[in-house]
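Grab a pencil and work through these exercises one at a time. Each has a task, then a solution in steps.

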Protein chains: 2
Amino acid sequence: MPAAGVLLTDLYELTMLQAYHAERMEGVAVFELFVRKLPAQRRFLVAAGLAQAVDYLLGLRFDDGDCEHLVRDRGFDPGFVASLRDLRFTGDLDAIPEGTIVFPDEPLVRVTAPLREAQLVESRLLNLLHFQTIVASKAVRCVLAAPGKRLVDFGMRRAHGAEAALLSARASYLAGFAATATVEAGRAFGIPVAGTMAHSYVQAHRDERSAFAAFARAHPRNAVLLIDTYDTRRGAAIAADVAKAMAREGIAIRGVRIDSGDLAGHAFAVRAILDAAGLRGVTIFASGNLDEFAVRDIEARGAPVDGYGIGTRMNTSADAPYLDCAYKLQAYEGVAKRKRSEGKATWPGVKQVLRRRDAGGVLAGDVVALAADPIGEGVPLLEPVIRAGRLLRPLPALHASRERLATELAQLPAAYRSLDGSAPPPVTIAPSIRALAARIDAATSGTAAG
Amino acid sequence: MPAAGVLLTDLYELTMLQAYHAERMEGVAVFELFVRKLPAQRRFLVAAGLAQAVDYLLGLRFDDGDCEHLVRDRGFDPGFVASLRDLRFTGDLDAIPEGTIVFPDEPLVRVTAPLREAQLVESRLLNLLHFQTIVASKAVRCVLAAPGKRLVDFGMRRAHGAEAALLSARASYLAGFAATATVEAGRAFGIPVAGTMAHSYVQAHRDERSAFAAFARAHPRNAVLLIDTYDTRRGAAIAADVAKAMAREGIAIRGVRIDSGDLAGHAFAVRAILDAAGLRGVTIFASGNLDEFAVRDIEARGAPVDGYGIGTRMNTSADAPYLDCAYKLQAYEGVAKRKRSEGKATWPGVKQVLRRRDAGGVLAGDVVALAADPIGEGVPLLEPVIRAGRLLRPLPALHASRERLATELAQLPAAYRSLDGSAPPPVTIAPSIRALAARIDAATSGTAAG
């Protein structure tokens, strides 16, 4: 697979850059990336992906092969392409930190840079921030559905390609998952890695008993046995037999996994079988087409499940696999801008989000204001990250963002934590922005006809 | 981002490999990758992703860094990890060619290899084949909805990461799209690349007139003007004015794009405005939240739209963002295997798909048979691709697979081509497989208890 370099972008970014170059339009532009509307199945979003977005901006450059390709194969003007060789991101980035709970109309990042730098980065910034945000926002619902339980990302195989596999592991860990099954994600992001065995392992052996014994001997401290290849309860009985026999060799079975059928019902039966064999320390892990609702149902029945492997539906955010998000020009050369397309109008101006909390720290509401407005009682969510192309300070470590989110969740009103709540986003657009929009509309109506 | 190397896999593949190594289980295994069930919104699937799967198998190897990581950070046995240094894919791959129409229960690929090679590749093979197959299967519905129209992939920004952006461009081209907006996908896969301009370009200028004129001068042969930033019909009138003025400078506007509102209604009005200005050759391109149903509605109204930019909903296969697919052990050391987990039982044995066509070439039905069964009247879909770790012959070029699919679509009965048809898959499981399943079940019931 090709690397995700600077040509991982929409062609129109480059055609616009060629026009800007010809016009010598080099003024400072301000773009903001925001979500227009929540999917029906979400009450809030979790900001995620900033670390990769920052890496992208700081690494932005066209190499010889890129430039050659643009001239030779895409027909771009050689003079324009020559000007790309020195292009770096020299602008500013302000962003809401990863792990922050966010709502529609709130800029997740704001890019302030010479026009062509700010324009060029649109496609990949959206690609990076959109994806991790949808996954973190789905994964956090699983976390809310099973408080205190160990959740493991199992979804690499049906994630949409390699980067989706890696970044969904990252985003779900940020959301509160305990581990991922994806080895490379563990290496790349320092996430704990976990895994059990596949049905094929059991099938490749003469019978379950010999499979379980061989696996335990190969993993004497941490074997988790998959017991549903043929018949779950019979599998549990065999696992219990093997665990007792292995104990005499000094080998401890850590747990069993159930992957099919009535997971809660099986968990009760399997727990009873294990307990009757004196194996109270052997944990039960459940997996198979799980999402937040399936997990909540199992928890509601009080099933003795210690952890859940959650895959496809989380990694693809299956019930809401995309967000209505955009990266829009808010100002150029100091003049506020507004798109008025039907159903897609944007709020103009350079913005800040002010979050208010009550005396107990509980989120009371957000105001989307102009960055120039007085802050008042709110805490500003957008923070300076890059200035003049340089990172101001290292970004928080992933585990710190994960803790930030855990704290935010504890301070989130129940109406937003509920999986099927219908509370509208607690977001107000400041009067200053509404007034600016009205002024721009009045002015643009004139010039658009010009 | 880290590269998609051999550690882009589920941990359990490696824990199983360590156990197989300890047990000296080195026999030949046969695994098949198949889809259990169609999503409710699909009548057929398009096989896609084989080229990347083959690259992956042929490039399979653990480098020093991988091995170090497994010992130092993941606690794998050094002796086992040493054995991975020489691991290559030395087995066989049989596959249904890309661009073939396929149905559930049909193996898309069959891997025949020493157990640990065949097991290790599970996660990434699924990751690669699943994704392109869902995208091609979604994109082909858009192609069916707008026969003869020019469709362009616009979805990079909301595709799930970099690889999803690139591979969805590839899969949609395979399905019949004309081009992609993603520059790197054009370079990597030789796909035509197309693009227009963003609203920000218009907004950055004093007014639409100056934006359109400047863009046309920068792209004198192929400018497509986005006319809905403020008011679509007024934008069309300005575009027409600019086009006429530009013509006097020898510059030809190629088209206009509409991205919001009632696309069909606007298209009629915009066509009238352009035609009245004598600009019959200027095309109309529509985009904005499109999928096969939106396109079909626009076509049904007879709207004068020449092409469609289709993004997010296609690239994420938004109404069915995953398939219920699996990679399952079918035989080990010549003995057929079957998983019997509740709701997830598999058909055992090494299989072939036999496709029957009527005298006119129209698909009449598929039989999933044992590979050893007589072929009878059907044409076998699975073909040898890799033997003993070597590619037998170059895979078909992407455009050849695209033509293959176009031919297959022409031979697909209307019940399957219909966007909202409900015809069940035309797939029969051969009696030989049913008999084998019954024999295995009888035998396994005994040993599972053992």
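**Exercise 1.** Find the angle at which helices α11 and α12 of chain B pack, and how far apart their axes are.

Step 1: Locate helix α11 at residues 232-247 of chain B and helix α12 at residues 263-276 of chain B. Helices here are DSSP runs of H or I with at least four residues, strands are runs of E with at least two, and both are numbered from the N terminus.

Step 2: Read off the geometry: the angle is about 25° and the axes are 9 Å apart. An axis is a line fitted to C-alpha atoms, for helices over the stretch in contact, and angles run from 0 to 180 degrees between N-to-C directions.

Step 3: That angle makes α11(B) roughly parallel to α12(B) (angles under 35 degrees count as roughly parallel).

Step 4: List who meets whom. From α11(B) come B:Thr232, B:Arg233, B:Ala236, B:Ala237 and B:Ala240, and they meet B:His266, B:Ala269, B:Val270, B:Ile273 and B:Leu274 of α12(B). Residues are in contact if their C-beta atoms, placed from the backbone, lie within 7 Å.

Before you go on: this is a predicted model, where local features need pLDDT of at least 70 and side-chain atom pairs count only at pLDDT 80 or more, while totals for chains, interfaces and linings use all residues. Residues are numbered from 1 along each chain as its sequence is written, and chains are lettered from A and ligands numbered from 1 in the order in which they are written.

**Exercise 2.** Work out which way the residues of strand β3 of chain B point, and which strands pair with β3(B).

Step 1: Side chains in a regular strand alternate between the two faces of the sheet.

Step 2: In β3(B), residues 92-95, B:Asp92 and B:Asp94 point one way, B:Leu93 and B:Ala95 the other, and all are buried (20 or more other C-beta atoms within 10 Å of a residue's own, all placed from the backbone).

Step 3: Strand β5(B), residues 109-114, runs antiparallel to β3(B), joined by 4 bridges; two strands pair if DSSP finds at least two bridges between them. B:Leu93 has B:Val111 as its bridge partner there.

Step 4: Strand β17(B), residues 383-387, is also antiparallel to β3(B), with 3 bridges. Here B:Asp94 sits opposite B:Pro384.

**Exercise 3.** How many residues does each chain bring to the contact between A and B?

Step 1: Chain A gives 94 residues and chain B gives 95.

Step 2: On chain A's side, helix α1(A), residues 11-23, supplies the largest share, 9 residues.

Notes: Parallel < 35°, antiparallel > 145°, perpendicular 65-115°, else oblique. Contact = placed C-beta atoms within 7 Å. Buried ≥ 20, exposed ≤ 12 C-beta atoms within 10 Å, placed from the backbone.
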